[in-house]
Amino acid sequence: MATTIQVSNLKQGYGKTIVLEDINLTVHNGEILGLIGPSGAGKTTLVSTIMGMLRPQEGTVTVLGQKMPNRKLLAKIGYMAQTDALYSALTARENLKFFGAMQGLGSADLKKQIPYAAGIVNLNPDLDKYVKDYSGGMKRRLSLAIALVSNPDLLILDEPTVGIDPELRQQIWAELHNIAKEGKTILLTTHVMEDAEQSDQLMMIRNGIAIAQGTPDQLIKDYQVKTVEDVFLKAGRQQDAHS
Ligand SMILES: Nc1ncnc2c1ncn2[C@@H]1O[C@H](COP(=O)(O)OP(=O)(O)OP(=O)(O)O)[C@@H](O)[C@H]1O
Ligand SMILES: [Mg+2]
């Protein structure tokens, strides 16, 4: 299985503030990796570093065989930030066109990909509305559509299901599994345990390190609990007890 993301001995932070002490992570083609951990644990810091928006303080990050940061790779990565970065004075369709073109799509591709990406998040009926008139959840959905529009080899989604209702969440997960089956790789962060359960692999970060890593089933077995949420709670308590 080819490797899409390789993080080795990553130490990362902001100036003298260290957020991630020593992170090692491998994600293969076709895998969905869910990153979980308490608020402030460093999930966004880690995905931003993998994206190449932050340069590692120590250690290395390789994406699709290239050392990050690497501007050329951005066209192959679909990124949904935790905070929506949309043009509110434009319509949703214009946003999709703009970001799709930035990812290298020509007009024929855009014509095909915009209805596909908008369809996954049920936005086709609202594509010609201005983003300033969108609700919070609609903006999240548009951000997800933008990440999907270029059919990227790697999707990095920072809390993609916030503000998304359960029915649509199921529809989105069905499509994420389809995308992974095509050999594309998905890295997402979440606080939602249903999302964690849908992931192929989980990594829990807390206090700068990975405190648990594995498939949801394996973790439930290892920690002798019934749910992923219980793994999360138990792993956290164990770390506190050892510190
Ligand atoms: N630009 C920044 N400058 C300084 N400190 C930062 C910056 N961004 C994040 N931090 C700090 O780094 C730590 C990790 O933040 P990060 O956003 O990665 O957490 P997170 O796991 O994504 O949290 P959440 O679940 O709330 O999104 C926090 O203590 C935060 O205050
Ligand atoms: Mg975050």
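Modeller: Buried means a relative accessible area under 20%, exposed over 50%, and partly exposed in between, using a 1.4 Å probe and protein chains only. This is a predicted model, where local features need pLDDT of at least 70, side-chain atom pairs count only at pLDDT 80 or more, and totals for chains, interfaces and linings use all residues; side-chain values use heavy atoms, without hydrogens and water. Residues are numbered from 1 along each chain as its sequence is written, while chains are lettered from A and ligands numbered from 1 in the order in which they are written.

Colleague: Thanks! Which residues of H1 are buried?

Modeller: Helices here are DSSP runs of H or I with at least four residues, strands are runs of E with at least two, and both are numbered from the N terminus. Eight of the nine residues of H1 are buried, so this helix is largely enclosed by the rest of the structure. They are Lys 43, Thr 45, Leu 46, Val 47, Ser 48, Thr 49, Ile 50 and Met 51.

Colleague: Which residues are the protein donors of the magnesium ion?

Modeller: Donors are N, O and S atoms within 2.8 Å of the metal (3.2 Å for Na, K and Ca), and sites may look incomplete because water is not among the atoms. The protein donors of the magnesium ion, ligand 2, lie 2.0 to 2.1 Å from it, and are Thr 44 (OG1) and Gln 82 (OE1).

Colleague: How many residues apart are Thr 44 and Gln 82?

Modeller: Thr 44 sits in helix H1 (residues 43-51), and Gln 82 in the loop between strand S6 (77-80) and helix H2 (92-102). Thr 44 is partly exposed at 29% relative accessible area, and Gln 82 is partly exposed at 37%. The pair links distant parts of the chain, and the separation is 38 residues.

Colleague: And ligand 1: how far is an oxygen atom of it from an N or O atom in the side chain of Thr 45?

Modeller: Ligand 1 has 13 residues around it (a heavy atom within 4 Å), and those that come nearest are Ser 39, Lys 43, Thr 44, Thr 45 and His 191. For His 191, a side-chain N or O atom is 2.7 Å from an oxygen atom of ligand 1. For Thr 45, the corresponding distance is 2.6 Å.

Colleague: Now the sheet: which strands stand at the edges?

Modeller: Two strands pair if DSSP finds at least two bridges between them. The open sheet of six strands shows mixed pairing, in the order S6-S7-S8-S3-S9-S10. Each edge strand has a single partner, so one side of each is left without a neighbour in the sheet; these are S6 and S10 (209-214).

Colleague: Are the residues of S3 buried or exposed?

Modeller: S3 pairs in the parallel sense with S8 over four bridges, and four bridges also join S3 to S9, again running parallel. Leu 33 stands opposite Leu 187 in S8, and Leu 35 opposite Met 203 in S9. Ile 32, Gly 34 and Ile 36 point one way from S3, Leu 33 and Leu 35 the other way, and all are buried.

Colleague: What angle does the direction of H8 make with that of S9?

Modeller: H1 lies across S3, S6, S7, S8 and S9, running at about 155° to S7. Angles run from 0 to 180 degrees between N-to-C directions, with axes fitted to C-alpha atoms, for helices over the stretch in contact (heavy atoms within 4.5 Å). Helix H8 (residues 228-242) packs on the sheet, touching S3, S9 and S10, and its direction makes an angle with that of S9 of about 35°.

Key. Polar contact = N/O pair within 3.5 Å; in protein donor to acceptor, adjacent residues only side chain to side chain.
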